Amino acid sequence: MAFFGAPIIFVAAATIILGIALNIALNILDERYHISGSIKEKIREAFQNSFKIRQWYQQHLPYDLYLFYNSRN
């Protein structure tokens, strides 16, 4: 039984060790290059731009076209 169960245990352990190592490496890269902060800022800017675009459409499109636009986006 141990002979057949050993590969499963080794694969599980290797997966966990690899996951921990990748997590540590990505955290080090993020601390060095501040990637997550940059991504958060870009997403925030995209939401603000999207809101401005929706406002523009609401002000400049006829009501029925605006409803059609909102139903698609």
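Predicted model: local features only at pLDDT ≥ 70, side-chain atom pairs only at ≥ 80, totals over all residues.
Local features need pLDDT of at least 70, side-chain atom pairs count only at pLDDT 80 or more, and totals for chains, interfaces and linings use all residues. Residues are numbered from 1 along each chain as its sequence is written, and side-chain values use heavy atoms, without hydrogens or water.

The protein chain holds 3 helices and 0 strands. Its pattern along the sequence is α-α-α. Helices (H or I, at least four residues) and strands (E, at least two) are DSSP runs, numbered from the N terminus. The C-alpha trace spans about 75 × 35 × 5 Å along its principal axes. The radius of gyration is 25 Å, whereas a compact globule of 73 residues would have one near 11 Å. That radius is taken over C-alpha atoms, and the globule rule is 2.2 Å times the number of residues to the power 0.38.

Of the 73 residues, 3% count as buried. Buried means under 20% relative accessible area, exposed over 50%, and partly exposed in between (1.4 Å probe, protein chains only).

A nonpolar surface patch covers about 730 Å². Its members are Leu 26, Leu 29, Tyr 33, Ile 35, Ile 39, Ile 43 and Phe 47. Helices α1 (2-33) and α2 (35-60) each give two or more residues to the patch. The largest share, 4 residues, comes from α2. Patch residues have over 30% relative accessible area and no salt bridge; like charges are joined within 9 Å, nonpolar side chains (Val, Leu, Ile, Met, Phe, Trp, Tyr) within 5 Å. A salt bridge is a side-chain nitrogen of Lys or Arg within 4 Å of a carboxyl oxygen of Asp or Glu. Areas come from the Shrake-Rupley method with a 1.4 Å probe; for residues, only the protein chains shown count as cover. Leu 26 lies in helix α1. Leu 26 counts as exposed because its relative accessibility is 55%.
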